[in-house]
Amino acid sequence: MAGISEALAAELEPFGIQSMIVEPGVFRTDFLDTTSLSTAAQRIPAYDGTPAHATLDWIDTANHTQLGDPVKGAALIYEVTSGDKLPGHLALGRDAIERQLAKIRNLHDDLAAWQDKSAATACHDAA
């Protein structure tokens with residue numbers, strides 16, 4: 001979704017249309033309740049030790065203890081969208097910020113590891 005939204009923003013910018021990707025952390029809602037989410041599915045042993053099972057274990061303890069306040073999150077979205085210029089990305093919550101910073105570090109490391117060889121794939125006559 002982020003890639004599509006970024007492309008959409010670039011295509012619509014000349015028309016004065018803005019878009020923003022909201023990247024929320026975990027918010028204290030009823031989303032993790034059994035009324036909203038079913039975790040009763042049988043666990044598959046092949047997934048033991050994977051993020052999928054870790055998330056299921058986390059759900060059992062995280063419900064109604066999430067860091068994010070949905071009222072504050074909505075207020076920030078309103079504040080940002082009431083301005084003249086939208087950011088391309090809006091992280092909501094400390095956990096969302098940390099996730100984005102980790103993504104940036106990973107991207108930087110990926111680029112640095114292959115930068116010289118990647119740049120060398122250009123045609124010799126290209127400027």
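Tutor: What follows takes each label and sets its value against its cut-off. Keep in mind that this is a predicted model.

Student: What does the chain consist of, read along the sequence?

Tutor: The secondary structure comes to four helices and two strands. Their order is α-β-α-α-β-α.

Student: Why is Gln66 called buried?

Tutor: The relative accessible area of Gln66 is 4%. The cut-off is under 20%, so the label holds. Gln66 sits in the loop between helix H2 and helix H3. Beyond its sequence neighbours within four places, it is in contact with Val26, Phe27, Arg28, Thr29 and Leu32.

Student: Why is Gln100 called buried too?

Tutor: Its value is 18%, and buried means under 20%, so Gln100 qualifies. Gln100 lies in helix H4. Leaving out residues up to four places away in sequence, it touches Glu23 and Ala91.

Student: What makes the Gln100 and Glu23 pair a polar contact?

Tutor: Their side chains are joined at 2.6 Å. The cut-off for such a pair of N or O atoms is within 3.5 Å, so the distance passes.

Student: How do you know that the span of H3 agrees with its number of residues?

Tutor: At 1.5 Å a residue, the 12 residues of H3 should span 16 Å. The end C-alpha atoms are 16 Å apart, so the two agree. At the N-terminal end, Asp69 caps H3, with a side-chain oxygen 2.9 Å from the backbone nitrogen of Val71.

Student: What makes S1 and S2 a pair of strands?

Tutor: Pairing needs at least two bridges, and four join S1 to S2, so they pair. The two strands run parallel. Ile21 stands opposite His89 in S2.

Student: Which side chains of S1 are buried?

Tutor: Ile21 and Glu23 point to one face and are buried.

Student: Which residues make up the largest nonpolar core?

Tutor: Six do: Met20, Phe27, Val80, Leu86, Leu90 and Leu92. Of these, Leu92 has contacts that include Val22, Phe27, Leu76 and Ile77.

Key
Residues numbered from 1 in each chain as written. Predicted model: local features only at pLDDT ≥ 70, side-chain atom pairs only at ≥ 80, totals over all residues. Heavy atoms only, no water. Buried < 20%, exposed > 50% of the residue type's maximum accessible area, 1.4 Å probe, protein only. Contact = heavy atoms within 4.5 Å. Expected span 1.5 Å × (residues − 1). Polar contact = N/O pair within 3.5 Å; in protein donor to acceptor, adjacent residues only side chain to side chain. Core = buried A, V, L, I, M, F, W, Y, C linked by side-chain atoms within 4.5 Å.
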